[in-house]
Amino acid sequence: MRSGCGTYVMPARDRTAYDVVVVGGGPGGSTAAYQLQQFGHDVLLIDRETFPRDKLCGGLITYKTLRLLDRVFDESESHLVDEGILNFGADEYAAYFNDDLVLRDSIDVPFYFAKRFEYDEFLHDRAVEAGVDTHLGDGVSRIDIEGSTVETTDGETFTADYIVGADGASSRIRSQLADEGLVDTSGWRKNLAIAAEAYVPRDAIDVDIDYPMLHFGVLDWGYGWVFPNTDRLLVGVGGLNAKNDRGFRRILDDYFDLLGFDYDPDTVKGHPIPFGNYLDRPAHGNVLLVGDAAGTVDAITGEGIFYAQRSGELAAWAIDRAESGTTAAVADDYTDMLHEYVHPELHHSKQARLFIWGGPQFPRRLAMKAWFALLSDPSVELVHGIRIYDLLRRRGDVMHETLPGGTPRPT
Ligand SMILES: Cc1cc2nc3c(=O)[nH]c(=O)nc-3n(C[C@H](O)[C@H](O)[C@H](O)COP(=O)(O)OP(=O)(O)OC[C@H]3O[C@@H](n4cnc5c(N)ncnc54)[C@H](O)[C@@H]3O)c2cc1C
């Protein structure tokens, strides 16, 4: 299966058989593809879009993502800043309850913001440089699980020993596995969030915001945000769909009223976020789901980039371990790794949000003020993954463990 030195590699356009087909070239898919290729497997990455392509997102890059980028891609924070992939860095933040400022504070570890069309193209390019073949601009329409093939909208068919489904929150591969009764998605709709976001050019407004602002209270079971880029502000609202009847465009419009600056309603876009609906077992046979397709998003912050990349990394590990004979069943191994390194944070964030968003607004406002008065620094460390939700302990290293029971063979 490995393409060692001197092995003939067929040109991409003629090839239809690969060790692994990764469907979706977002952060999860590109990380899985890159890592698998580095381990020595032949990988095809399929995306229905061509790169660069945008993805609706706030683009917040936390310290735990920087650690992963350093570990997996050997990309340092300073290099990513120099290259402009980290578009904006902020060393303070502000939290509000509606228009009431709860806290404005400086932070030791900066929050960075990336533009997704740059960030995702960068990761995709790193995968291609590593040797990953691509098939872009033509999405996967269905997979044949028994035959281990994927079919595209344009009628192409590719076979692979393993299929990684990294095709986002509305994953076709997850839907197919669910339709065939192979993964349990029964809680998916209940915990689905919707987000609406608009880009506001800085030169279109006369306010100058150089730090992230979070607004609680502007919707239920979610929050509003203003995230800075060098040339624009990203303004969005996101929360559980089932808890917000008003409609997210209307909520966003009201949020702009509160912020006090204008926007172009034609630029508003919406997108689902898995928000507490991670799949307990997002795998069947040789098909593994990663990232939003598997629901790996923090149930309070909505952070999904790190968990997409981490689950992509673990999927690569599981496939490599299955190929080397370390493990018998790749789906079990992958699920076990998620249970150990990813799901605890998702589970605990889902529990903790009951205290943040459960109950009427007035006690929530007081509780939030008390929380930030006492725990401002630990909260920032929690978001960065230095601390974990479980008793806010400084145990974030668990999210970066790399050698679950074995060392990958050198490439
Ligand atoms: C408004 C909003 C704000 C957010 N803000 C943040 C934030 O600030 N920080 C953060 O960490 N997370 C944030 N998130 C979450 C984050 O965007 C996602 O968790 C993350 O993009 C998941 O990565 P992924 O690789 O799993 O999927 P995606 O990034 O969605 O990538 C999926 C890829 O699959 C491709 N695809 C889809 N269907 C097919 C198909 N049938 N065939 C082939 N290809 C296909 C798509 O074109 C896409 O390239 C936000 C989400 C939203 C909606």
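This is a predicted model: local features need pLDDT of at least 70, side-chain atom pairs count only at pLDDT 80 or more; totals for chains, interfaces and linings use all residues.
Asp332 has a relative accessible area of 36%, which makes it partly exposed. Arg281 is partly exposed too, at 38%.

Salt bridges can also link up through shared partners: Arg53, Arg116 and Asp120 are joined into one network that way. In total, the count for the structure comes to 23 salt bridges.

Now look at helix α4 (residues 116-130), which holds both Arg126 and Glu129. These two residues are three apart, about one turn of the helix. They form a salt bridge, and their closest N and O atoms are 3.5 Å apart. Glu129 comes out at 62%, which is over the 50% cut-off, so it counts as exposed.

Arg202 and Asp208 make another pair, with side chains that meet in a salt bridge at 3.4 Å from N to O. Here Arg202 is buried, at a relative accessible area of 15%.

## One side of helix α5

Which residues of helix α5 (residues 172-179) are buried? They are Ile173, Arg174, Gln176 and Leu177. Around the helix axis these residues cover an arc of only 165 degrees, which means that they lie on the same side of α5.

What do those buried residues of α5 pack against? The answer is a set of strands: β1 (17-23), β7 (140-144), β9 (157-165), β15 and β16 (287-289).

Next up are the spaces in the model. The second largest pocket has a volume of about 160 Å³. Its lining is made up of Lys190, Asn191, Trp221, Leu240, Ala242, Lys243, Lys350, Arg353 and Leu354. Which helix gives the most to this lining? That's α9 (residues 343-357), with three residues.

If you sort the lining residues of this pocket by type, you get four nonpolar, one polar and four charged.

## A cavity inside

How many cavities of 30 Å³ or more does the structure hold? There is one. The largest cavity has a volume of about 50 Å³.

The residues that line the largest cavity are Lys64, Asp298, Thr301, Glu303, Tyr307, Glu345, Leu382, Val383 and Tyr389. By type, this lining splits into four nonpolar, one polar and four charged residues.

Most residues other than glycine have a negative phi, and most peptide bonds are trans. Phe51 and Pro52 are joined by a cis peptide bond, with omega at about 5 degrees. You'll find Pro52 in the loop between β2 (43-47) and β3 (60-61).

Asp74 isn't a glycine, yet its phi is positive, near 55 degrees. Asp74 belongs to the loop between α2 (63-73) and α3 (77-82), and with 65% relative accessibility it counts as exposed. Leu392 also has a positive phi, near 55 degrees. This leucine is in the segment after α10 (361-384). Is Leu392 buried or exposed? At 13% relative accessibility, Leu392 counts as buried.

Note on methods: Residues are numbered from 1 along each chain as its sequence is written. Side-chain values use heavy atoms; hydrogens and water are left out. A salt bridge is a side-chain nitrogen of Lys or Arg within 4 Å of a carboxyl oxygen of Asp or Glu. Helices (H or I, at least four residues) and strands (E, at least two) are DSSP runs, numbered from the N terminus. Buried means under 20% relative accessible area, exposed over 50%, partly exposed in between (1.4 Å probe, protein chains only). On a 1 Å grid over the protein atoms alone, a cavity is a set of points where a 1.4 Å probe fits but cannot get out, and a pocket is an open set with protein on both sides within 12 Å along at least five of seven lines; lining residues have an atom within 4 Å of a point. Grid points are joined across faces, edges and corners, and a volume is the space filled by probe spheres set on the points. Ala, Val, Leu, Ile, Met, Phe, Trp, Tyr, Cys and Pro count as nonpolar, Asp, Glu, Lys and Arg as charged, and the others, Gly among them, as polar. The arc is that of the directions from the helix axis to the C-beta atoms. Contact means heavy atoms within 4.5 Å.
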